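Open the model in your viewer and keep the selection panel at hand.

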Amino acid sequence: MANKITLRPTSPLVSSLLLFGIFLSILIIYNISSVKKENPSRSPFRAIRNGLQDILNADPEDGKKEGATESKIQQQDHCILNRKFMPKGSMPLILLLSFPGSGNTWVRYLLERSSGIYTGSVFNDVGTGNDDNAIFRASEVCSKTTLVVKAHSLNVKKCHIDGAIILVRNPYSAILAEFNRQSSDKTSNAPISAFQSKAWKKFAIEASSNWSRKIGTQLEKIPNRMILYYENLVQDTNLEVHRMLEFLKVTPDENRIRCLFENVTGSFKRKHRKRDFNPYSSEMNDTIDSEILKLRKIMKEYGYILPPYESYMTLK
């Protein structure tokens, strides 16, 4: 009778040694072929020895460190690049309303980087394009594919408006920022001589009236709204970004928000220039303060408290 052959299971130690032997053989063949190809005069066995020494001396934490660095880069990339349009018609049309010079462009930047969803605009803003490298992407206003749509009034084609974030800033600051923009560019300052002109006085008085009237109209016409004070946004950006995302029914992605705070202002904050003069005359102060008082009464009727904007000394 033939002897019965019994196969015994291989022990874990033997299995490990076999696997290591296969790995070592592959490493030797790879190093020999690489050395012969790159430098025929170099000893292949020296390369093998060096390779094994690298393996033995490797820091087990290196992989973790490298992974952490890659993760950080990915988070930064997501915050900067990984934005998308939502399917057409899937988003409510929420306007991002403000008087010009109130920081609307900066708010768009904060929302896009924190949510990963593009914002739109009724204007062809500087930096708007049709590729992923553009600061902002061009989109159809009524497409309902974006998180919000920037506007300065309710005159938005014939779209059905579902709500609005109303951005309110100290009119002294907003009027000055808008005049700087019109007299220079979005992040520069007008020359001092510009504030000594009649054009500046006319601009400031007309702008203050538009500031109170437009915000009052927006409160009246849009019941689904959030009031965002620019000064609060500057003071506690993280809190106000979370408030906006909650209003927009977007679940915060804390990784994106942490990434956002690596460069929270983007390139949209005007460099502050220390002024040794007050661009507003007493007559202009009286006019602007009266418009502030007018809007304060209107906002109180809707349950909102307007900050104490009357003093120019509060200008930020």
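Select Lys144 first: this residue is partly exposed, with a relative accessible area of 22% (partly exposed lies between buried, under 20%, and exposed, over 50%, with a 1.4 Å probe and protein chains only). The model is predicted, so local features need pLDDT of at least 70 and side-chain atom pairs pLDDT 80 or more, while totals for chains, interfaces and linings use all residues. Residues are numbered from 1 along each chain as its sequence is written, and side-chain values use heavy atoms, without hydrogens and water.

Lys144 sits in the loop between β4 (136-137) and β5, and has a positive phi of about 55° although it is not a glycine. Most residues other than glycine have a negative phi.

Next, show the residues lining the largest cavity, among them Lys144, Pro92, Ile94 and Val149. Its volume is about 40 Å³. A cavity is a set of points on a 1 Å grid over the protein atoms alone where a 1.4 Å probe fits but cannot get out, and lining residues have an atom within 4 Å of a point. The volume is the space filled by probe spheres set on the points, which are joined across faces, edges and corners.

Now select Leu306. Leaving aside neighbours within four places in sequence, Leu306 is in contact (heavy atoms within 4.5 Å) with Val168, Trp211, Tyr229, Ile292, Leu295, Arg296 and Met299.

Finish at Lys249, in the loop between α8 (237-247) and α9 (254-260). Lys249 is exposed, with a relative accessible area of 75%, and its phi is positive, about 60°.

Terms used:
1 Å grid on protein atoms, 1.4 Å probe; cavity = no way out; pocket = protein on both sides within 12 Å on 5 of 7 lines; lining within 4 Å. Helix = DSSP H or I, 4+ residues; strand = E, 2+ residues; numbered from the N terminus.
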